[in-house]
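Please look through the model below before reading on. My notes follow as numbered points.

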Amino acid sequence: MLNFAIEAGFVLIGLAMLLNLWRLLKGPDITDRILALDTLNINAIALLVLYGIREASSAYFEGALLLAAMGFVATVALCKYLLRGDIIE
Amino acid sequence: MNPYIEFVVAALILLGALFALLGSIGLARLPDFFTRLHGPTKATTLGVGAMVLASAVYFTATRDGVSLHEIAVMVFLFITAPVSAHLLAKAALHRQAAKDGMDVDGTE
Amino acid sequence: MMRRLLPRPALSLTLFLLWAALSNAGSAGTLLLGALLALLLPHIVSPFWPDAPRIKHPGVALSFAARIAWDMLLANWAVARRVVGPVTALHPAFVEVPLDLRDPFAATVLGSIVSLTPGTVSIDVDRERWVLQVHALDAPDPAALIRQIKQHYEKPIREIFAC
């Protein structure tokens with residue numbers, strides 16, 4: 001039962017990440033792309049945690065924590081750039 | 001592993017993956033930026049939350065001692081998600097205002 | 001004396017619990033180190049965060065946290081349903097919620113909670129007019145949404161921080 005749930009989880013999150021990628025490529029505005037990147041990052045955290053359960057190894061947790069921290073900083077930095085470094089401003 | 005715990009872990013994994021997918025569906029198919037913002041800030045955060053909870057239950061059940069460090073990821077995501085959403089919304093409003101200004105008279 | 005040693009009990013407790021979680025509530029040594037950090041860090045941050053409000057009613061805060069957790073589950077269900085439902089049936093709207101609280105930190109807490117609960121994302125807190133700008137995914141009746149946010153979330157927060 002657990003193995004089935006893990007495999008199904010991989011499929012569902014994989015689909016979710018494909019949808020994020022589609023939005024990332026399609027845009028239309030740059031804020032949509034940043035939002036897509038942020039969501040892609042959050043889904044990657046879920047994927048990594050799930051992989052950790054599959055491999056029965058807690059080493060992947062560190063990666064998930066790093067992704068959470070770096071992804072947040074990246075999103076904030078990109079938004080700040082749009083708000084402050086805009087040519088029109 | 002205890003079958004009840006296995007069931008709980010499996011259910012949490014499926015719930016988490018399903019919500020992650022639903023949040024991403026919202027991101028992909030909703031019509032404009034501000035409605036798209038809702039999917040990731042809620043569904044995806046809960047999705048990761050459930051996934052992380054599954055991991056905490058699994059490692060607590062299979063190892064000696066408790067496994068709580070996953071909870072830190074969840075706390076971190078729940079604190080940062082509103083901040084990201086807030087900044088993205090501000091950036092979008094800023095760009096919209098800048099664009100509208102350009103359309104009217106060519107400057108801000 | 002107690003106040004000098006522990007200027008921010010809630011922050012200290014949060015830091016200690018987070019440290020305990022990160023180290024998997026490991027040996028006595030790591031917990032001791034966590035307790036030491038939880039004592040020292042509030043003193044280090046106090047110069048650049050001097051006027052943070054204190055939690056006046058911890059009991060109210062606990063029951064409020066439990067209700068938010070429940071609301072978040074309902075919110076996710078509601079948003080999930082609308083996401084897969086017909087897009088044209090949605091009524092997205094910008095709503096301005098007039099605030100009664102007058103504290104930046106409490107306003108931030110309210111904004112975060114609004115972002116995490118039913119179909120709403122907080123866009124901005126206007127600190128001149130004290131208005132919380134909210135975007136709702138599906139709000140056929142904005143007045144009801146404003147009432148709900150003020151009644152369900154702002155009132156308990158004002159009670160907790162006494163502001």
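1. Start with helix α3 of chain A. Its buried residues are A:Phe61, A:Ala64, A:Ala68, A:Gly71, A:Phe72, A:Thr75, A:Leu78, A:Cys79 and A:Leu82. Buried means that 20 or more other C-beta atoms lie within 10 Å of the residue's own; exposed means 12 or fewer, partly exposed is in between, and C-beta atoms are placed from the backbone. An α-helix has 3.6 residues a turn, so residues three or four places apart point the same way.

2. This is a predicted model: local features need pLDDT of at least 70, side-chain atom pairs count only at pLDDT 80 or more, and totals for chains, interfaces and linings use all residues. Residues are numbered from 1 along each chain as its sequence is written, while chains are lettered from A and ligands numbered from 1 in the order in which they are written. Helices (H or I, at least four residues) and strands (E, at least two) are DSSP runs, numbered from the N terminus.

3. Does the length of α3 in chain A agree or disagree with its residue count? It agrees, because 26 residues (59-84) at 1.5 Å a residue should span 38 Å, and the end C-alpha atoms are 38 Å apart. The expected span is 1.5 Å times one less than the number of residues.

4. Two residues deserve a look at their backbone angles. A:Ala56 has a phi near 50 degrees, a positive value in a residue other than glycine. A:Ala56 sits in the loop between α2 (30-54) and α3 of chain A. A:Ala56 is exposed, because 10 other C-beta atoms lie within 10 Å. C:Trp130 is not a glycine either, yet its phi is positive, about 55 degrees. Its place is the loop between β2 (120-126) and β3 (131-136) of chain C. C:Trp130 counts as partly exposed, because it has 14 C-beta neighbours inside 10 Å.

5. Now chain B. It has 4 helices and 0 strands. Along the sequence the pattern is α-α-α-α. Its C-alpha atoms fill a box of roughly 70 × 25 × 10 Å along the principal axes. The radius of gyration is 20 Å, but a compact globule of 108 residues would have one near 13 Å. That radius is taken over C-alpha atoms, and the globule rule is 2.2 Å times the number of residues to the power 0.38. Buried residues make up 56% of the 108 residues.

6. How many residues of chain B are in contact with chain A? There are 48, and they meet 44 residues of chain A. A contact means C-beta atoms, placed from the backbone, within 7 Å. The elements giving two or more residues to this side of chain B are α1 (3-29), α2 (33-36), α3 (38-62) and α4 (69-105) of chain B.

7. B:Ile13 counts as buried, because it has 31 C-beta neighbours inside 10 Å. Leaving out residues up to four places away in sequence, B:Ile13 touches A:Ala5, A:Ile6, A:Gly9, A:Leu50, B:Met51 and B:Ala54.

8. pLDDT is the predictor's confidence in each residue, from 0 to 100. Chain B has a mean pLDDT of 82, and 93% of its residues reach 70 or more. Over residues 104-108 of chain B, pLDDT stays under 50. Where pLDDT is low, the predicted coordinates should not be read in detail.

Methods:
Contact = placed C-beta atoms within 7 Å.
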